[in-house]
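Let's take a walk through this one, starting with the overall fold and ending at a site flagged in a database.

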Amino acid sequence: MNVNIEKQTKPLLGEMVVPGDKSISHRSIMLGAIAKGTTSITNFLKGADCIATIDCFRQMGVTIEERNDIITVTGGGLRGLKQPVGILEVGNSGTTTRLLSGILCGQNFKSILSGDASLNKRPMNRIINPLSQMGGDIVSIKKNGCAPLEINAAKLHGIDYLSKVSSAQVKSAVLLAGLYADAPTSVTEKVLSRNHTEIMLKAFGGNVSTEDTYDGTTISVTPADELYASEIDVPGDISSAAYFIAAALLIPGSELLIKNVGINDTRAGFLQAVLKMGGDLTLLNALTSGGEAKADILVRHSKLKGTTIGGKLIPSLIDEIPILAVLAAYAEGETVIKDAAELKVKETNRIDTVCDNLKNMGAFVTPTEDGMIITGKEAGLTGAVIDPKFDHRIAMAFSIAGLIAKGETTIKDGHCVDVSFPEFFTYFKQ
Ligand code: S3P
């Protein structure tokens, strides 16, 4: 499906909500599935990635139902999963693959996980190594460090793991396996990655602690006898809100209120980056519920200036770099994005897909080893044919670029947004 986008001159005015957070939605199914009792989830994100997680647990005998927009997950406890009959299909979802692998290493049955062409090229040694150190029996079937992965029954030991990357998927895989180990497990990260697993594990009765250490932040979990069902209200996804925040910043006269957005510190780096660029953002009605911070975000059209985005900020905005790059192309002066080599191993190599598509639209951009340098262009961007290479975040970021570019922009394979925001183009038209 190709989507054509025309320049938008009318300001964005009014209020909106965005769908539930993808990371939190995945975790609510996973923890519900290994807890005793029935977990109920509101504002669950029905994107393709989270549906893949649901399908995997259904294959392992977990009852997951939907009624009146509430998802219920009836788990049989920590050892209640059943051996899947077929391959666990994870689609495009790195979160499903890595977190689920942690859980599967603790089971007493064999399982195989496999995804689509993009997923099966993404690096899995980052979880295979620590899970193997714990005694897990997990191998890359093609011996290329990627999925498909085969996991067999094994006894797990607690380990203290110093993670090379600040990755919540790696951290969560190890912590979830730690629930099944014979002694406590810890993961240390130089910069704390998104902490939704830690927050939610506590809500399910898990024993998790976080402390600042010499090497960064250490998260520890003790083996659990059982987790217990909980009620989860998923906040709006800041990664989805980011596209509309960007649109309102760029379109003159805009004033938009996006309600009930998750602003957990480990996720909200995008807001900090926008403030550094001179964006007019105000947080209203801030509160914490179920351990997760949320607020309404009021955004007004702003004249942006270039900045440097790097260091500790990167893990908290890694998924928002494509849309930040679009903002940078309209900002005055130079924006340097650095320390973000992880972009190369996302759904696409996002250094390449962002730079290639920005260049197509006439932007001044230079890719670097760990990011990119963008010089804002007063004359603005020009519409172009955008190939997102089936990467949802590239398709959405360049849809916003198309809204303000001169002429027409065509987004190829627009349906790839289904992964995290199936209604994106409906919201977009509204
Ligand atoms: C996610 C963590 C991040 C992020 C991804 C979702 C999660 O990946 O990019 O979209 O839900 O844990 P890494 O942990 O690999 O950085």
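This is a predicted model: local features need pLDDT of at least 70, side-chain atom pairs count only at pLDDT 80 or more; totals for chains, interfaces and linings use all residues.

A residue is called buried here at under 20% relative accessible area, exposed at over 50%, and partly exposed in between, using a 1.4 Å probe and protein chains only. Residues are numbered from 1 along each chain as its sequence is written, and side-chain values use heavy atoms, with hydrogens and water left out.

On to overall shape. Along the principal axes, the C-alpha atoms fill a box of roughly 60 × 45 × 45 Å.

The chain has 12 helices and 24 strands, which are DSSP runs (H or I, at least four residues, for helices; E, at least two, for strands) numbered from the N terminus. Contact means heavy atoms within 4.5 Å. Of the contacts between residues at least 6 apart in sequence, 76% join residues at least 24 apart.

Now for the flagged site: UniProt, in an unreviewed entry, lists Asp-319 under "active site", an annotation that may be inferred rather than shown by experiment. Asp-319 sits in the loop between strand E19 (308-309) and helix H9 (321-330). Is Asp-319 buried or exposed? It counts as buried because its relative accessibility is 11%. Beyond its neighbours within four places in sequence, Asp-319 is in contact with Arg-194, Ser-239, Lys-346, Arg-350 and Arg-393.
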